[in-house]
Amino acid sequence: MNYQETLTYLYNSAPLFQHVGKEAYKEGLENTLRLDEHFGHPHRRFRTLHVAGTNGKGSCSHTLAAILQSAGYRVGLYTSPHLVDFRERIRVNGIPVPESFVIDFVEQHRPFFEPLHPSFFELATAMAFHYFEQQQVDVAVIEVGLGGRLDCTNIITPDLSLITNISFDHVQFLGDTLAKIASEKAGIIKAGIPVVIGEATSETRPVFQTKAEQEGAPICFAEDTPLVLSSCHHGAGGTLYETMDYAHLHGELGGLCQDKNTNTLLWALRCLQQIGYRFTEADVRNGFGHVCELTGLMGRWQQLESHPTLLCDTGHNVGGIRYIVEQLKLQHYRRLHMVIGMVNDKDISGVLELLPKDAAYYFTQASVKRALPAADIQALAARYGLKGDAYPDVASAVCAAKANVTTQDFIFVGGSSFIVADLLNFYAGNHDFS
């Protein structure tokens, strides 16, 4: 099989959650443990950092990797979902896993894993750990896929656990209260391993505190003593922070959500230094300032065009959309155009209620089975005073938006990671939206 045939095999034999949703979800660690044993427990041969949370875990994971990479560590990075290519999920020093490794992994180990009927994510995790061992990484930053307690990344014993925040997402798997969701994510807290909590509420804080006490894990609530004193956001991207530890610190990532992420990261860096990680102020500045170049991060308040501005963001739940709406209010434009699509297992009404009513809307759907049909989201949106037409795919929606704008307008594309994925795939194919 070639690379594309291998991916087709993986998607068909082990359905991808981002494509089909709950049908691809497998609860429990039985398959993960059997795969781990088959490969000789590769995750025990390198150090790890574990990152969970409802929002922000991708940005935090990539930034941690960028800082450690700047400090001279050989860094593995495992994240999900991918936007353009599966290989984005598995990187070493920012370089995606080679196509040849993916092909060989499947061909060589099919006889073992086919009888297990593993999920796509179980296979991808086994592949990542196996690859990191072969590449002799010093440390791997591991992003939780879903939840924490039963996530197949949770077989690791990290040097540090980090939980960014808790909001409502994947409630059919994790629970219908913030406390229940926090309990699942607190499952990554390990005996004696320090944990940093980025944001907590009156409902979630006791859950984390109790779990940490049970495990004898030193716990830090980053909000209690802010290390980010102020921030200044630069239009479509980039942020200048005033911080306790690094004075003026430039972050490449834009979006108001990065203020909280940066505060969480600065506390994580303090913890890493306390347990023996070595990096300089210059390493921190380089990591924050060049995270996209160093790690390949995409889709976080990412500007793709100017005059008019065309920008996308992967925020896809109430917590993420709230930050996006506040960020949009800070932009300067004649009129706002919103290309919006969602998947059918999200709090769609909660998101629609937050969206600005004075924008022009272009409702669309991503190329995944979970996508809510464009006409359905159009009908739901009308209940919240959001007006616009429905389009069958992201390309046609963006083309329609671009046909209606002036150079002073602003086009936002998002609502789902998969809407952003389709957008970036279209750009990667060097197509012209105009």
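**Figure 1. Strand 6 and its neighbours in the sheet.** Strand 1 and strand 6 run parallel and are joined by four bridges. The model shown here and in the other views is predicted. L162 has V196 of strand 7 as its bridge partner, and I163 has I197 of strand 7.

Figure 2. Strand 5 (residues 139–143) is mostly covered, as five of its five residues are buried. In a regular strand the side chains alternate between the two faces of the sheet. In strand 5, V139, V141 and E143 point one way, while A140 and I142 point the other way. Strand 1 (residues 47–52) pairs with strand 5 in the parallel sense over five bridges. H50 has I142 of strand 5 as its bridge partner. Strand 2 (residues 75–78) pairs with strand 5, also in the parallel sense, over four bridges. L77 has V141 of strand 5 as its bridge partner.

**Figure 3. Helix 3 against helix 6.** The axes of helix 3 (residues 30–38) and helix 6 (residues 120–134) come within 10 Å and cross at roughly 30 degrees. Helix 3 is therefore roughly parallel to helix 6. The crossing of helix 3 with helix 6 is right-handed. N31, T32 and L35 make the contact from helix 3, and E122, L123 and A126 make it from helix 6. By class, three of the residues in this contact are nonpolar, two are polar and one is charged.

**Figure 4. Helix 5 against helix 6.** Helix 5 (residues 99–113) packs with helix 6 at an angle of about 120 degrees, and the axes are 11 Å apart. The two helices, helix 5 and helix 6, are therefore oblique to each other. Their crossing is right-handed. On helix 5 the contact residues are F101, V102, F105, H109 and F113; on helix 6 they are L123, A126, M127, H130, Y131 and Q134. By class, this contact of helix 5 with helix 6 has eight nonpolar residues, three polar residues and no charged residues.

**Figure 5. H117, in the loop between helix 5 and helix 6.** H117 is found in the loop between helix 5 and helix 6. Most residues other than glycine have a negative phi, and most peptide bonds are trans. H117 is not a glycine, yet its phi is positive, at about 50 degrees. With a relative accessible area of 54%, H117 is exposed.

**Figure 6. The cis peptide bond from S80 to P81.** Omega of the bond from S80 to P81 is near -5 degrees, and the bond is cis. P81 is found in the loop between strand 2 and strand 3.

**Figure 7. From H307 to T309.** H307 lies in the loop between strand 12 and strand 13. Its phi is near 55 degrees, a positive value in a residue other than glycine. H307 is exposed, with a relative accessible area of 63%. A cis peptide bond joins H307 and P308, with omega at about 0 degrees. P308 is also placed in the loop between strand 12 (302–305) and strand 13. T309 is found in strand 13 (residues 309–312). T309 has a relative accessibility of 17% and so counts as buried, the cut-off being under 20%. Not counting residues up to four places away in sequence, T309 touches Q303, D409, F410 and I411.

Note on methods:
Residues are numbered from 1 along each chain as its sequence is written. This is a predicted model: local features need pLDDT of at least 70, side-chain atom pairs count only at pLDDT 80 or more; totals for chains, interfaces and linings use all residues. Side-chain values use heavy atoms; hydrogens and water are left out. Buried means under 20% relative accessible area, exposed over 50%, partly exposed in between (1.4 Å probe, protein chains only). Two strands pair if DSSP finds at least two bridges between them. Axes are lines fitted to C-alpha atoms, for helices over the stretch in contact, and angles run from 0 to 180 degrees between N-to-C directions. Angles under 35 degrees count as roughly parallel, over 145 as roughly antiparallel, 65 to 115 as roughly perpendicular and the rest as oblique. A crossing is left-handed if the near helix is turned anticlockwise from the far one by less than a right angle, and right-handed if clockwise. Contact means heavy atoms within 4.5 Å. Ala, Val, Leu, Ile, Met, Phe, Trp, Tyr, Cys and Pro count as nonpolar, Asp, Glu, Lys and Arg as charged, and the others, Gly among them, as polar.
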